[in-house]
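Please keep the sequence and the structure open side by side while reading.

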Amino acid sequence: MCLFTLFLMSCVSPQKIPRCEVNKIIEGNIQDLQNGYSLKIPSNWIAYKDIHCELTYSPNEWSDKDFGWIHVQLYHNIDKEFYKRYSNIDDFVMSHVKIINKNLGNPRVEILTLQHQRYGEFRILKFDKEIFGNIYTYTKVYYFFESSGYEINYFTEITDYEKYLPDFIKMVESFEIKE
């Protein structure tokens with residue numbers, strides 16, 4: 001029993017758990033928190049840290065609903081080494097498709113390839129997944145620039161997808177990598 005308790009305590013040590021104020025609206029300038037990138041957020045959206053302490057954006061009207069079900073996140077700063085281990089956009093995207101298929105039961109993933117004037121070829125993935133009896137739509141935008149990957153995610157219930165899609169498109173169009 002003593003070894004079991006010691007094992008549990010070592011897995012949950014305070015040094016390993018990220019500490020932040022979860023779901024607390026971040027007031028003022030968020031550019032300092034956008035480490036390595038810039039993303040313009042519509043005035044009707046708010047910024048906050050999610051349960052993983054990642055900078056997340058949601059429509060202001062969702063702030064009283066624990067945010068969560070409509071959000072946009074940019075993954076690059078979670079584990080920079082993870083995003084630097086790929087050699088090109090195809091390796092980067094296909095590794096994520098494999099993760100999606102493994103973790104979400106092989107949803108039908110649509111992939112669109114587009115060209116960005118500055119960052120070159122990029123990919124958009126879109127798929128639906130049932131969670132707790134509701135269907136959610138995921139849209140993931142993947143960039144690969146100077147040997148590093150960037151991933152922007154949009155996640156919402158399928159019934160709200162079109163409502164917030166114009167805001168998401170504006171955010172993606174505003175995306176810049178800080179060099």
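## A residue in a loop

In which loop is Asn 106 found? Asn 106 is found in the loop between α3 (89-104) and β5 (110-116), where helices (H or I, at least four residues) and strands (E, at least two) are DSSP runs, numbered from the N terminus. Although Asn 106 is not a glycine, its phi is positive, at about 55 degrees, and the residue is exposed, with a relative accessible area of 55%. Here buried means under 20% relative accessible area, exposed over 50%, and partly exposed in between (1.4 Å probe, protein chains only).

## Basis of the model

This is a predicted model, in which local features need pLDDT of at least 70 and side-chain atom pairs count only at pLDDT 80 or more, while totals for chains, interfaces and linings use all residues. Residues are numbered from 1 along each chain as its sequence is written, and side-chain values use heavy atoms, with hydrogens and water left out.

## Overall make-up

The protein has four helices and nine strands, and along the sequence these follow the pattern α-β-β-β-β-α-α-β-β-β-β-α-β. Of its 179 residues, 42% count as buried. The protein exposes about 10800 Å², of which carbon and sulfur atoms supply 53%; accessible areas come from the Shrake-Rupley method with a 1.4 Å probe, and for residues only the protein chains shown count as cover.

Among contacts (heavy atoms within 4.5 Å) between residues at least 6 apart in sequence, 47% join residues at least 24 apart.

Strand β2 (residues 45-49) and strand β3 (residues 55-59) pair in the antiparallel sense over five bridges, two strands being counted as paired if DSSP finds at least two bridges between them. Within this pairing, Ala 47 has Tyr 57 of β3 as its bridge partner. Five residues lie between the strands of the hairpin, in which Cys 53 takes a positive phi near 65 degrees.

Both strands are mostly covered, with four of the five residues buried in β2 and five of five in β3. In a regular strand the side chains alternate between the two faces of the sheet.

Phe 132, in the loop between β6 (120-131) and β7 (134-145), has a phi near 50 degrees, a positive value in a residue other than glycine. Most residues other than glycine have a negative phi. Phe 132 is exposed, with a relative accessible area of 74%.
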